[in-house]
Amino acid sequence: MLLDATDSLIVIVDVQEKLAPVIHQRDQLIGRMRWLGEIANELSVSLLVTEQYPKGLGISVDDLAAVIENSRVIEKMHFSAWQEPAFVDAVKQSEKRQIILMGMETHVCILQTAIDMKAAGYSVYVVEDAVGSRRESDKQVGLQRMRQHGIEMITSEMAAYEWLHRSGNDTFRHITKNWIRG
């Protein structure tokens, strides 16, 4: 199934001040999250943010501030966001069925959230170039395990082009004018 901007909900998971510095290739990953988040905002794709124990891990990184400034932020203690009642309520209120996950850590919070949401009946997509772990091997095993559970792996560009559907119109021209920097 292709992504539909009107039925998509991006969830940015735990990209926080004290966690991000230890993530493998963090600058590239955060750059992809910001890039896709900017496009999502241009296309009015819904966005939700989680923060794992912000008193200890801090708030979301400044590099994402402009992307998430109008988004709801859900504090969580469970590794799976789906185990937090406030998160479940926010997702249900969005009425979106396609969940696009980006963030940290792939083999813990992304994996557990993805599996729980898939089990709850959502179509779950993990943006492979916008998720990370402290160790690359943990990321790869997390991605493999999610694939085994029927979770779709996509890239940030796949999401963007699926939302756009076609070229040659004003929306495409407006959004893609800065893609060279992406």
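**Ground rules**

The model is predicted, so I hold to pLDDT of at least 70 for local features and pLDDT 80 or more for side-chain atom pairs, while totals for chains, interfaces and linings use all residues. Residues are numbered from 1 along each chain as its sequence is written, and side-chain values use heavy atoms, with hydrogens and water left out. Helices (H or I, at least four residues) and strands (E, at least two) are DSSP runs, numbered from the N terminus. For burial I use relative accessible area: buried is under 20%, exposed is over 50%, and partly exposed is in between (1.4 Å probe, protein chains only).

**Entry 1: strand E5**

I began with strand E5, residues 123-132. How many of its 10 residues are buried? I find seven, so the strand is largely enclosed by the rest of the structure.

Next I looked up its pairing, where two strands pair if DSSP finds at least two bridges between them. Strand E4 (residues 98-104) runs parallel to E5, and six bridges join the two. At Leu 101 I looked across and found Val 126 of E5 opposite.

**Entry 2: salt bridges**

My rule is a side-chain nitrogen of Lys or Arg within 4 Å of a carboxyl oxygen of Asp or Glu. That gives me five salt bridges, and I went through some of them.

Which residue does Asp 129 bridge to? The partner is Arg 32, with the closest N and O atoms 3.5 Å apart. Asp 129 sits in strand E5 and Arg 32 in helix H1, so this pair ties together parts that are 97 residues apart in sequence. I have Asp 129 down as partly exposed, at 25% relative accessibility. Arg 32 is buried, at 13%.

Arg 134 and Glu 105 also meet in a salt bridge, 2.9 Å from N to O. Arg 134 is in the loop between E5 and helix H6 (136-148), and Glu 105 is in the loop between E4 and H5, so parts 29 residues apart in sequence are tied together here. Arg 134 is partly exposed, with a relative accessible area of 37%. Is Glu 105 buried or exposed? I read 8% for Glu 105, which means buried.

I also noted Arg 135 with Asp 138, at 3.1 Å from N to O. Arg 135 is partly exposed at 46% relative accessibility.

**Entry 3: a cis bond at Glu 105**

I came back to Glu 105 for its backbone. The peptide bond from Met 104 to Glu 105 is cis, with omega near -20 degrees.

**Entry 4: positive phi**

Asp 14 is in the loop between strand E1 (8-13) and H1, and at 0% relative accessible area I count Asp 14 as buried.

Glu 95 is another case, with phi near 60 degrees. Glu 95 lies in the loop between H4 and E4, but here I read 66% relative accessibility, so Glu 95 is exposed.

Just after H5, Gly 121 takes a positive phi of about 100 degrees.

For helix H5 (residues 106-119) I listed the buried residues, among them Val 108, Cys 109, Ile 110, Leu 111 and Met 117. Thr 106 and Thr 113 are on that list too.

In helix H7 (residues 156-164) the buried residues include Ala 159, Ala 160, Trp 163 and Leu 164. Glu 162 is one of them as well.

**Entry 5: Pro 85**

Pro 85 is in helix H4 (residues 85-94) and is exposed, at 57% relative accessibility. I took its C-alpha distance to Ile 74: 9.8 Å in space, for 11 residues in sequence.

**Entry 6: negative patch**

Which residues form the negative surface patch? I have Glu 17, Asp 27, Asp 62 and Asp 63. Asp 27 belongs to helix H1 (residues 26-42) and counts as exposed at 58% relative accessibility.

Patch residues have over 30% relative accessible area and no salt bridge; like charges are joined within 9 Å, and nonpolar side chains (Val, Leu, Ile, Met, Phe, Trp, Tyr) within 5 Å. Asp and Glu count as negative, Lys and Arg as positive, and His and the chain ends are not counted. I place each charge at NZ of Lys, CZ of Arg, CG of Asp or CD of Glu. The areas come from the Shrake-Rupley method with a 1.4 Å probe, and for residues only the protein chains shown count as cover.
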